[in-house]
Amino acid sequence: MPKVLVSDPIDQSGLDILAQVAQVDVKTKLTPEELVQAIPNYDALMIRSGTKVTSAVIEAASQLKIIGRAGVGVDNVDVVAATRRGIVVVNSPEGNTIAAAEHALAMMLSLSRNIPEADQSVKASTWNRKAFTGVEVYKKNLGVVGLGKIGSHVATVARAMGMTILAYDPFISKERAAELGCSLVDLDMLFQESDYITLHIPKTSETAHLINAAALDKMKPTARIVNCARGGIIDEAALYEALSNGKIAGAALDVYEEEPLGESSLRELGKSVILTPHLGASTAEAQVNVAIDVAEQIRDVLLGLPARSAVNIPGLRPDVLEKLRPYLQLAETLGNLVGQLAGGRVEQVQIRLQGELANQDSKPIVIATLKGLLTNALRERVNYVNASIEAKERGIKVIETRDASVKDFTGSLYVSAKGSLGEHAVTGIILGGSEVRITDINQFPINVPPTKYMLFTLHRDMPGIIGKIGSLLGSFNVNIASMQVGRQIVRGDAIMVLSIDDPLPDGILEEITKVSGIRDAYTVAL
Ligand SMILES: NC(=O)C1=CN([C@@H]2O[C@H](COP(=O)(O)OP(=O)(O)OC[C@H]3O[C@@H](n4cnc5c(N)ncnc54)[C@H](O)[C@@H]3O)[C@@H](O)[C@H]2O)C=CC1
Ligand SMILES: O=C(O)CCC(=O)C(=O)O
């Protein structure tokens, strides 16, 4: 039975799903050293934001197939290292959207009405109404930085409260912004015009310290800023300066440069600052959502099925995947076949989606082809996660094209590869919904199912040659399961494709090429 390590608190609903297929060990609060020590025993790791999955953890994770992040941000996972090792990283992109959006809205309203401080004062048996006069959000400008899932929900609710929304998101179209009732503006304008600013972007090299001293200088003295996205998007030292000098009016933070928040002068700032301990996703509903979402994906991957929200392989909707699955098998087979025909050191691969296949998402098909292409060299070390990286690191140029006009079959896949044995090309189709057929090799039309061991010869189409090859193979005790000849013109060049029951013994390929009329011979093991 596979083993899953759960190293952060996860809702029971998720643990129950994992228990259907695996032994589940819940061990929270492990030190980094304890995690490195424990991880070699596990096939899957399920975490929230508390566990740091560093390259050292991944290096030690000899059996690990999947890391499941019960939440959105995977910045606590070294995804590059995981990808290199072929470990799938999945998250729950939508399970906590509403929770995080509502937390940002709650922070904005709390900041406006001094709710935390007022609450503390009443609990301390005082009654000071004057000290806590607030401001309204109605008819104020809200600057939303990042109009993705959380940002757009915040914008929708804020509009209902009578706010005007200015949004900055370089990856969102004007139409989408208009649909949400937001005006897309540049960052400077957002800083200058907003009464409230709320951040809903990932932390990247571009967004780190996006809110720095220069940005804070541009804001209104009455501006209030909310960060429920990621720590480090705001420069905390610059924020402290701006708040203490009255350059802006307030800030509400759920996330920090270092978590848990250590020594911080932000704590000294009284009612102009609200600090929560990374609670954006902490609602009962969100924790059930993310636990189920991620546990289901871990279960599926442990059962050999694809994950729906992998961050390091193309995510496919189940219906799309179902349709594409036979073509992934076709792509892998053709990649493997052409890679062996082209010999080692493949420098270029061309993948062409033809006919109806040209309308499909090409990314998974390209990845499957590369996986097949590299299988001979890398065996089980190559998978859908790392195939593209491995190909890139080997300097393989990948050319991807589409040709919807090809009408030979409803949909076909053409793959060619240039390697140490020259350039070779194969085409294949899916027959009857699931069966792979090779329909063309180096422009010779054939119709053969791929089999484990195959022999290909390029020869002159002339009487007797097939018999000679048959006898030669017989003399080496090689049993032929099936044979087919493809030719373009009678008595011109032809290709012979033989399925054989066993691998070709050493030396026989050389003997075959010595037969008069044989130009070349190749053997492959699929
Ligand atoms: N505090 C908490 O507990 C939680 C925090 N989060 C964080 O909230 C953030 C947003 O999450 P989602 O809305 O789910 O992500 P999303 O991927 O749906 O949206 C992010 C948006 O940011 C935009 N963006 C990327 N780079 C940008 C840039 N340089 N400038 C402006 N916009 C940029 C993208 O185009 C996208 O529209 C993430 O950082 C996530 O980790 C999410 C859930 C809970
Ligand atoms: O697991 C958590 O509570 C943190 C959630 C979060 O930050 C995220 O999903 O990105």
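Modeller: To start with a contact, an N or O atom in the side chain of Arg230 sits 2.6 Å from an oxygen atom of ligand 2. Bear in mind that this is a predicted model.

Biologist: How much of the accessible area of ligand 2 does the protein cover?
Modeller: On its own ligand 2 has 300 Å² of accessible area, and the protein covers 92% of that.

Biologist: Which residues surround ligand 2?
Modeller: Arg48, Ser49, Arg69, Ala70, Gly71, Val72, Gly73, Asn96, Arg230, His278 and Ala281. By class, that shell has 3 nonpolar, 5 polar and 3 charged residues.

Biologist: What about Arg69, how far is its side chain from an oxygen atom of ligand 2?
Modeller: An N or O atom in the Arg69 side chain is 3.2 Å from an oxygen atom of ligand 2. Val72 makes its contact through the backbone, where an N or O atom lies 2.5 Å from a ligand 2 oxygen.

Biologist: Switching to ligand 1. Which residues come nearest?
Modeller: There are 26 residues around ligand 1, and the nearest are Lys149, Ile150, Asp169, Ile201 and Asp254. The shell splits into 13 nonpolar, 8 polar and 5 charged residues.

Biologist: And the contacts to oxygen atoms of ligand 1?
Modeller: A backbone N or O atom of Ile150 is 2.9 Å from an oxygen atom of ligand 1. For Gly280, also through a backbone N or O atom, the distance to a ligand 1 oxygen is 3.4 Å. Arg230 turns up here too: an N or O atom of its side chain is 3.3 Å from an oxygen atom of ligand 1, besides its 2.6 Å contact to ligand 2.

Biologist: How much of ligand 1 does the protein bury?
Modeller: It buries 88% of the 860 Å² that ligand 1 exposes when taken alone.

Biologist: Take helix α16. Which of its residues are buried?
Modeller: Helix α16 covers residues 465-475, and its buried residues are Ile465, Ile469, Leu472 and Leu473.

Biologist: Why do they line one face of the helix?
Modeller: Looking down the α16 axis, the buried residues fall within an arc of 95°, so they line one face. As a general point, an α-helix has 3.6 residues a turn, so residues three or four places apart point the same way.

Biologist: What is exposed on the other side of α16?
Modeller: Ser471 and Ser475 are exposed there.

Definitions and conventions: Residues numbered from 1 in each chain as written. Chains lettered and ligands numbered in written order. Predicted model: local features only at pLDDT ≥ 70, side-chain atom pairs only at ≥ 80, totals over all residues. Heavy atoms only, no water. Near = heavy atom within 4 Å. Polar contact = N/O pair within 3.5 Å; in protein donor to acceptor, adjacent residues only side chain to side chain. Areas by Shrake-Rupley, 256 points an atom, 1.4 Å probe, with all protein chains shown as cover. Nonpolar A, V, L, I, M, F, W, Y, C, P; charged D, E, K, R; others polar. Buried < 20%, exposed > 50% of the residue type's maximum accessible area, 1.4 Å probe, protein only. Helix = DSSP H or I, 4+ residues; strand = E, 2+ residues; numbered from the N terminus. Arc of directions from axis to C-beta.
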